[in-house]
Structure formats: structure tokens, C-alpha cells
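Hi,

Here is the structure I promised to pass on. Have a look at it first, and my notes on the side-chain contacts follow below.

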Amino acid sequence: GKQVGGDIIANKKTFLYLKALEGTSDGNALRNLFSITPKDPSDKIETVKNIYVGSGAAKATEDEIERYTQKANTVLDGIDLSDEKKEKLRLFGAWLINRSV
């Protein structure tokens, strides 16, 4: 599994990061946090996560996941597969979305 906060620790500019920059007045603080690599990143992770939630980026990400899931299911409906196999694919997709880190 992935490390909790791994993308934050690695200063990766993810969808969450970009959405947070669009939706917050804390853009400079976020940019600064992504320019440092503290020995103990726990405070950095917590602060960035709070910015993600406060800016609406976390919700925007959830909305995009839902939108793409619906698109995938629409495409799946048009594929010539048995309903049983389609259901297995849907369950696998749901597992991927809901798995804990």
C-alpha cells in the first residue's frame, strides 16, 4: 500500500494540490509547504490535508472520482460481456475507490 501522506512528503503536484491552489487564499502557504522536506513531515501532512479540505479540493476530487466512475460504468454497459462479468468489474472498481491506504 501507499504511505499515508506519501505524495505530500514527495511534494507531488497532484490533482488535489492543483485544485487547492484554485480554491484557497493559502496558495502561497501551500507552495511553501511543497518546497520543503522536513525531517518529521507529520505537521506538514496535517497542514496540507487541512488546506485540501478547507479549499474544497478534497470534495472536488471526490466529485471527479464519481464522475469518472459513472462514465466508466456507462462504457461498461455498452460492452458485450455477461452481466456477471460486468458486475465483477464494477465491484473491483468500487474496491479500488474505497480501499483504505
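Let me start with Phe92, which is partly exposed, with a relative accessible area of 48% (buried means under 20%, exposed over 50%, partly exposed in between, using a 1.4 Å probe and protein chains only). Before going on, a word on the basis: this is a predicted model, where local features need pLDDT of at least 70 and side-chain atom pairs count only at pLDDT 80 or more, while totals for chains, interfaces and linings use all residues. Residues are numbered from 1 along each chain as its sequence is written, and side-chain values use heavy atoms, with hydrogens and water left out.

**Aromatic pairs**

How many aromatic pairs does the count come to? There are 2, taking rings of Phe, Tyr and Trp (its six-membered ring) with centres within 6.5 Å; planes under 30 degrees apart are stacked, over 60 edge-to-face, and the rest tilted. Tyr17 and Phe34 make a tilted pair, 4.6 Å centre to centre with 50 degrees between the planes. Tyr17 lies in helix α2 (residues 15-23) and Phe34 in the loop between α3 (27-33) and α4 (42-55), so this pair ties together parts that are 17 residues apart in sequence. (Helices are DSSP runs of H or I, at least four residues, numbered from the N terminus.) Tyr17 is buried at 6% relative accessible area, and Phe34 is buried at 5%.

Phe92 comes back here: with Trp95 it forms a stacked pair, 6.0 Å centre to centre and 20 degrees between the planes. Both lie in helix α6, 3 residues apart, about one turn of the helix.

**Charges over rings**

Phe34 also has Lys44 over its face, at 5.6 Å from the ring centre. The rule here is NZ of Lys or CZ of Arg within 6 Å of the ring centre and within 35 degrees of the ring normal. Arg67 sits over the face of Tyr68 in this way, at 4.7 Å.

**Salt bridges**

The count comes to 6 salt bridges, each a side-chain nitrogen of Lys or Arg within 4 Å of a carboxyl oxygen of Asp or Glu. Among them is Arg90 with Asp77, at 2.2 Å from N to O. Arg90 lies in helix α6 (residues 83-98) and Asp77 in helix α5 (residues 57-77), so the bridge ties together parts 13 residues apart in sequence. Another joins Lys88 and Glu84, with the closest N and O atoms 3.8 Å apart. These two are 4 residues apart in helix α6, about one helical turn, and both are exposed.

Cheers
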